[in-house]
Amino acid sequence: MKKIDLPLRDDVIDSLRAGESVLLSGTLLTGRDCAHKRICEMLDRGEKLPFPLEGQTIYYAGPCPAPAGKACGSCGPTTSARMDSFAPRLLELGLKGMVGKGERSAAVCEAIARCHAVYFAAIGGAGALYGNAIRKSELVAFPDLLSEAVYRFEVENFPCVVAVDCHGGNIYAAPKRQG
Amino acid sequence: MRILSSDAIEEAVCRLAKRAGLRLTDACGRALEEAERAEESGSAAAFALRTVRENARVAAAERMPVCQDTGYAVVLAEIGQDVHIEGKPFAEAVNDGVRRAYAEGNFRKSVCDPLTRVNTGDNTPAAVHTELTAGDRVRLTFLPKGFGSENMSRLFMLTPAEGVDGIVKAVVETVRLAGSKPCPPVYVGVGIGGTFDGCAFLAKKALTRPVGSRHPRADVAAIEEEALRKINALGIGAQGFGGRVTALGVSCEVAPTHIAGLPVAVNIQCHCCRCESAEL
């Protein structure tokens, strides 16, 4: 399986095609419903974000608490569609990758192509496996949001599928009906 | 009359919740194994199914929750009317059991105020459904319900004329609209009949049955089979990657309804079916 380092390089983004399985290693920032709402409210007020978005990859996830001896508890992806209304704005600010589960809106897919980014599908329901692949976890912002806060993860070999690539490829748009 | 301490209820809820968070039901494990075999090797769907089966092994070995969405705590309690519960009020005992399990098990606390979105911090309150039954036993079923799939559930108030065809259509349409979002292959709980509220509860109750079980009524079992066949013809597949297995099973529960109506509730469960029961 293809190994991909994070943060993503432009030539790597270019090489990815919807449908291929990859292993991600490197830095991910988490963010889900409440964190996205708060990030966009801060941008509306013209405030500086507590972390740079440029070049980063966001993981739509809210972890379980870490058990003793582990960096993080179970932490699989959540449904990406709930972040669709926020994603184009973050892509325009330089976000390069998103990791979640499930299909994206047409507006998000268009922004992925325009901003030369990529959307990876992690496997929903595989929380223990992903949690186990998180080597370091650090709280970055919004501690009051508990599991919905923004964390910086160092991950190793996160199994994902390229779901929407920068060339317009989309795994969810493939013909579905079987004979 | 049998006396049962509320401590025994709290203890049982805590134990069931902890166990449920860490493992798939046996029937679900078998259904996922069959699903992987049914998919083309090398396909994205087969990769997804292999990953979730590997995840179940990691969860067991590392004693980590199978899914980080350790769910809204749903508790179904059948309480024999010859039991007297002594100590705390029943709901308080259940909530104390949930609170302890989610703290001790390192489970995610996923319950919040619907408007302020402020987290309650301990995954309470649980959704507690009590039913009075004959006898002096208490049967508790714990179903941690993830919301990626709960969000894709729907309720229909069909007309009697729409009948069985309408029921099947409603079920298949719900799964089609959900697409990749609820973590397919899904388990579909269907409530048929009753009232608006009662129908939704029947759908939830259907999800406490083992995946792949059939309703004892032949006409109801036929609806389960027809709906499952049509759902798997949608081709959504594991994680929405395309494939032959979009649902692991369909379970229906029925209740008499009004002559003017045909309520149908469709409660979607992701492939991570967790459910534990005990009798006290």
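**Close-up views of a predicted model: domains, sheets and pockets**

**View 1. The two domains of chain B.** Chain B is divided into domain 1 (2-20 + 66-145) and domain 2 (148-275). The model shown here and in the other views is predicted. Taken over C-alpha atoms, the centres of domain 1 and domain 2 of chain B are separated by 25 Å. Contact between these domains involves 14 residues of domain 1 of chain B and 14 residues of domain 2 of chain B.

**View 2. The open sheet β4-β2-β5-β10 of chain B.** This sheet has 4 strands, and its pairing is mixed. β4 and β10 (276-279) of chain B are the edge strands; each has a single partner strand, so one side of each has no neighbour in the sheet. From one strand to the next, the twist averages 15°. β2(B) and β4(B) are parallel and pair over 7 bridges.

**View 3. The open sheet β6-β9-β7-β8 of chain B.** Here too the sheet has 4 strands with mixed pairing. β6 (154-158) and β8 (247-255) of chain B lie at the edges with a single partner strand each, so one side of each lacks a neighbour in the sheet. Direction ignored, neighbouring strands of this sheet are turned by 15° against each other on average. Strand β7 (residues 186-193) of chain B runs parallel to β8(B), and 8 bridges join them. B:Ile192 is placed opposite B:Val254 in β8(B). Helix α7 (residues 196-206) of chain B lies across β6, β7, β8 and β9 (262-269) of chain B, and runs at about 145° to β7(B).

**View 4. The largest pocket.** Its volume is about 960 Å³. The lining of the largest pocket has 42 residues, and those nearest its centre are A:Arg32, A:Glu148, B:Ser110, B:Cys112 and B:Arg117. Two elements give two or more residues to this lining, α2 (33-44) of chain A and α5 (147-150) of chain B. α2(A) gives the most, with 5 residues. By residue type, the lining of the largest pocket divides into 14 nonpolar, 13 polar and 15 charged. At least three lining residues of the largest pocket come from each of domain 1 and domain 2 of chain B.

**View 5. The second largest pocket.** This pocket holds about 340 Å³ of space. It is lined by 17 residues, with B:His129, B:Glu150, B:Ala200, B:Lys204 and B:Asn267 nearest its centre. At least two lining residues are supplied by each of β2 (72-80), β4 (127-133), α5, β6, α7 and β9 of chain B. α7(B) gives the most to this lining, with 4 residues. The lining of the second largest pocket consists of 10 nonpolar, 3 polar and 4 charged residues. Domain 1 and domain 2 of chain B each provide at least three residues of the lining of the second largest pocket.

Note on methods:
Residues numbered from 1 in each chain as written. Chains lettered and ligands numbered in written order. Predicted model: local features only at pLDDT ≥ 70, side-chain atom pairs only at ≥ 80, totals over all residues. Heavy atoms only, no water. Pairing = 2+ DSSP bridges. Axes fitted to C-alpha atoms, helices over the stretch in contact; angles between N-to-C directions. Contact = heavy atoms within 4.5 Å. 1 Å grid on protein atoms, 1.4 Å probe; cavity = no way out; pocket = protein on both sides within 12 Å on 5 of 7 lines; lining within 4 Å. Points joined across faces, edges and corners; volume = space filled by probe spheres on them. Nonpolar A, V, L, I, M, F, W, Y, C, P; charged D, E, K, R; others polar. Domains from an automatic or database assignment.
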